[in-house]
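Here are my notes for you to read alongside the model. Have the structure open as you go through the points.

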Amino acid sequence: MKKMLWSLLLFFPSLLLFAGDSTETKLAEAEMQKFNAYLQKLDSAEKAINYQAGQIQLSNGVAGLNVPKGFKFIPAEQSRFILEDLWENLPDKSVLGMIVKDSFHINSLTTDWAFIVSYDPMGYVKDSDADDINYDDLLKEIKEGQREANMERKKLGYAGMEIIGWASKPYYDKEQKVLHWAKEFKVEGSENNTLNYDVRVLGRKGVLSLNAVANMGQLADVKKYIPEILGMAQFESGHKYSEFDPQIDEVAAWTIGGLVAGKVLAKAGFLAILLKFWKLIAIGLVAFGGTIWKFITGRKNKEEELAVETVSDANQTPAA
């Protein structure tokens, strides 16, 4: 991605000199100006980010993170700015921050994974069904739900999404009360399939979510860091799963299978979660890069067609 974009930037000015259509040239120049403005916005955002590490208490006071060397944490407000303003995701007030690798920088022009940290006060999730779930059957149910969600996505102008299958089959750690799994998605119009890696840490009154989205080529890298990601999250005293009090605490409306299926209060939140699906990629960069790339390949195709016609005409000219 980075190599392609910088190649476009280097060759774009010279291509403008050979553009035969003034309207086409002006459009390309306008896109280039937007591209440069977006790069400046990324630079400004990078300078403003307050990267953190070590012991961090999340803003809701329910849980905390212990971010070790090699990783860094981006606070809630700045994370929401990145996700909503820079990466054009739908607003989500439940976001508490982002966990990224130490090498992560907003203005690097590279697509890298990041774990989005959020919390849902859905209540105490019973895990009695964990050993009885047929995840292959569950996958069929998820795909059916996705087809319904796609109709809503398209009504709102969003690209459709197809679930290809499990990228990593669901696993529940009963001792640690941690559930994690990964799905592979095909996003309409995208060349590369998307990886959606979900981690859920069960608590007394809700679930802490660590959700990473990347491309499928990053699966091995994401899985490599899962043990460290899992070890970062911890509920504060009074909010731990073991502290559940059936006399006063609310029990969630679904269990382990429901979490994996995405049925987060199906009547109210299922479509919403699928609609705001995290796509951790600089959408603006891809859009501008795509426009420039179409301009370049369009010019190239025209030149090739002209060359073929010239050769064809030459071959058809009778010999003297």
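1. Let's begin with Val187, which sits in strand S7, a strand covering residues 178-187. This is a predicted model, by the way. Is Val187 buried or exposed? Its relative accessibility is 5%, and buried means under 20%, so Val187 counts as buried.

2. Seven strands make up an open sheet, ordered S3-S4-S5-S9-S8-S7-S6, with antiparallel pairing. Which strands stand at the edges? They are S3 (71-75) and S6 (161-173); each has a single partner strand, so one side of each has no neighbour in the sheet. From one strand to the next, the twist averages 20°.

3. Take a look at one pair up close. Strands S8 (residues 194-202) and S9 (residues 207-215) are joined by nine bridges in the antiparallel sense. For example, Arg200 has Ser209 in S9 as its bridge partner.

4. Next, the helices. H3 (residues 76-86) packs on the sheet and touches S3, S4 (95-101) and S5 (115-120), with its direction at about 80° to that of S4. Helix H4 (residues 135-155) lies across S6 and S7, and it runs at about 140° to S6.

5. Finally, a word on confidence. The mean pLDDT of the protein is 76, and 73% of its residues reach 70 or more. Residues 1-12 have pLDDT below 50, with 24 contacts beyond near neighbours in sequence. Residues 264-308 are also below 50, with 93 such contacts in the model.

How values were computed: Residues numbered from 1 in each chain as written. Predicted model: local features only at pLDDT ≥ 70, side-chain atom pairs only at ≥ 80, totals over all residues. Heavy atoms only, no water. Helix = DSSP H or I, 4+ residues; strand = E, 2+ residues; numbered from the N terminus. Buried < 20%, exposed > 50% of the residue type's maximum accessible area, 1.4 Å probe, protein only. pLDDT = per-residue confidence, 0-100. Contact = heavy atoms within 4.5 Å. Pairing = 2+ DSSP bridges. Axes fitted to C-alpha atoms, helices over the stretch in contact; angles between N-to-C directions.
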